[in-house]
Amino acid sequence: MAAVTHRFVEANGLRMHLAEAGKGPTVVMCHGFPESWYSWRHQLVALAEAGFHAVAPDMRGYGETEQPDAIDQYTLLHLVGDMVGLLDVLEAPTATIVGHDWGAPVAWHSALFRPDRFTSVVGLSGPYAPRGRRRPSTAMPVTDSAVFYQQYFQEPGVAEVELERDPAMSMRRILVGLSGDAPPDATAEGVAMVPRSGGFLDLTNDPGELPEWLTEEDVAAYTEQFAKSGFRGGLNWYRNIDRNWELTSAFAGAQVTVPALFIVGERDLVTRFHRMPQVIANQRSYVPQLQETVMLRGCGHWTQQERPAEVNAALIEFCTSLRG
């Protein structure tokens with residue numbers, strides 16, 4: 001079995017921790033919230049054994065990677081810049097970039113901004129969503145009794161206090177609560193609304209026994225990370241949603257032109273958010289070289305962790321096809 005190694009590099013002026021395995025064409029994997037390189041534990045070895053150099057960094061603000069203080073240091077331009085800088089450190093002229101959850105916009109925009117470096121792209125859970133006409137915060141649902149979870153994350157310190165009170169329980173509830181093993185939900189909008197009198201974790205329940213895809217060792221790995229780093233770095237990504245919209249105005253209407261693959265869970269709440277079903281259905285209009293949309297039956301939000309064998313097979317098939 002291919003060995004996973006760890007090291008620190010300086011990329012884009014940032015001290016970055018990364019896990020890697022194998023040799024061959026480079027595949028960079030970007031995790032989302034609240035995760036780390038560890039969310040790609042099943043893919044690192046599989047890609048390495050298929051003949052690829054698999055690389056999974058702790059993204060900016062996460063794990064052992066540096067966490068800048070200023071909120072405005074977490075824009076998409078910074079995050080894409082980190083990935084370009086990482087390729088330079090790896091001495092990789094080009095790469096396939098893969099992203100899950102918040103890592104998906106990083107992957108899509110890496111391919112959008114720098115198709116010369118990121119010559120193919122895979123999005124998991126998050127489809128490529130073209131820039132809208134409205135400032136994102138103005139489109140977030142709000143009621144007298146609740147606010148959209150991304151709005152709840154905006155005020156610095158609020159979500160941090162809640163999630164850091166008991167990192168182990170926070171991770172258990174988030175990982176299970178957004179998975180395909182969670183109880184059926186009436187609507188994504190309802191589940192994503194945080195009560196004004198409560199917090200984000202009120203949207204989930206104490207799961208008790210863990211599902212088969214998630215072990216106590218997995219929860220402990222995430223818990224150890226967030227107990228050290230806190231949740232602030234990851235939450236700051238959300239606090240740049242409007243700023244990202246402003247900074248990407250020059251790319252309004254632009255297409256992602258490189259070969260692409262999209263993988264999503266059938267029970268992923270993202271598939272039911274406002275506009276998302278339409279975005280997914282029309283994705284080839286924005287990504288003309290989209291090869292396939294893989295729908296994982298019964299799978300929730302944590303695609304590559306809940307269905308590692310199926311995700312590995314799809315990734316390897318896609319990456320292998322690009323070798324020509």
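## Reading a predicted model: helix α6 and beyond

Modeller: Let's start inside helix α6, where Pro 167, Ser 170, Met 171, Arg 172, Arg 173, Ile 174, Leu 175 and Val 176 are the buried residues. Buried means under 20% relative accessible area, exposed over 50% and partly exposed in between, with a 1.4 Å probe and protein chains only. Helices (H or I, at least four residues) and strands (E, at least two) are DSSP runs, numbered from the N terminus.

Colleague: Before we go on, what kind of model is this?

Modeller: This is a predicted model, in which local features need pLDDT of at least 70 and side-chain atom pairs count only at pLDDT 80 or more, while totals for chains, interfaces and linings use all residues. Residues are numbered from 1 along each chain as its sequence is written, and side-chain values use heavy atoms, leaving out hydrogens and water.

Colleague: Thanks! How many residues of α6 are buried, and what covers them?

Modeller: Eight of the eleven residues in α6 are buried, so the helix is mostly covered. The cover over those buried residues includes α5 and α8.

Colleague: At what angle do α6 and α8 pack?

Modeller: Axes are lines fitted to C-alpha atoms, for helices over the stretch in contact, and angles run from 0 to 180 degrees between N-to-C directions. Here α6 (residues 167–177) and α8 (residues 216–229) pack at about 125°, and their axes are 9 Å apart. That makes the two helices oblique to each other; angles under 35 degrees count as roughly parallel, over 145 as roughly antiparallel, 65 to 115 as roughly perpendicular and the rest as oblique.

Colleague: Which residues make that contact?

Modeller: Contact means heavy atoms within 4.5 Å. From α6 come Pro 167, Ala 168, Met 171, Arg 172 and Leu 175, and from α8 come Glu 216, Val 219, Tyr 222, Thr 223, Phe 226 and Ala 227. Sorted by class, the contact of α6 with α8 has eight nonpolar, one polar and two charged residues. Ala, Val, Leu, Ile, Met, Phe, Trp, Tyr, Cys and Pro count as nonpolar, Asp, Glu, Lys and Arg as charged, and the others, Gly among them, as polar.

Colleague: Why do residues three or four places apart point the same way in an α-helix?

Modeller: An α-helix has 3.6 residues a turn, so residues with that spacing point the same way.

Colleague: Now for another pair: at what angle do α1 and α14 cross?

Modeller: Helix α1 (residues 41–49) and helix α14 (residues 308–321) cross at roughly 40°, their axes coming within 10 Å. This pair is oblique as well. His 42, Gln 43, Ala 46 and Leu 47 of α1 meet Pro 308, Val 311, Asn 312, Leu 315 and Ile 316 of α14. By class, the contact of α1 with α14 has six nonpolar, three polar and no charged residues.

Colleague: How many salt bridges does the structure hold?

Modeller: A salt bridge is a side-chain nitrogen of Lys or Arg within 4 Å of a carboxyl oxygen of Asp or Glu. The structure holds eleven of them. One of these joins Asp 88 and Arg 117, with the closest N and O atoms 3.0 Å apart. Asp 88 is in helix α2 (residues 76–90) and Arg 117 is in the loop between α3 (103–113) and β6 (118–124), so the pair ties together parts 29 residues apart in sequence. Asp 88 is partly exposed at 47% relative accessible area, whereas Arg 117 is buried at 13%.

Colleague: Which residue does Arg 135 form a salt bridge with?

Modeller: Arg 135 pairs with Glu 246, and their closest N and O atoms are 2.5 Å apart. Because Arg 135 lies in the loop between β6 and β7 (146–148) and Glu 246 in helix α10 (residues 241–247), the pair ties together parts 111 residues apart in sequence. Arg 135 is partly exposed at 31%, and Glu 246 is partly exposed at 42%.

Colleague: And Arg 239 with Glu 160: buried or exposed?

Modeller: Arg 239 is buried, with a relative accessible area of 9%, and Glu 160 is buried at 7%. They form a salt bridge whose closest N and O atoms are 2.8 Å apart.

Colleague: What is Asp 82 in contact with?

Modeller: Asp 82 sits in helix α2 and is buried at 2% relative accessibility. Setting aside neighbours within four places in sequence, Asp 82 is in contact with Ala 11, Asn 12, Leu 14, Met 16 and Arg 60.
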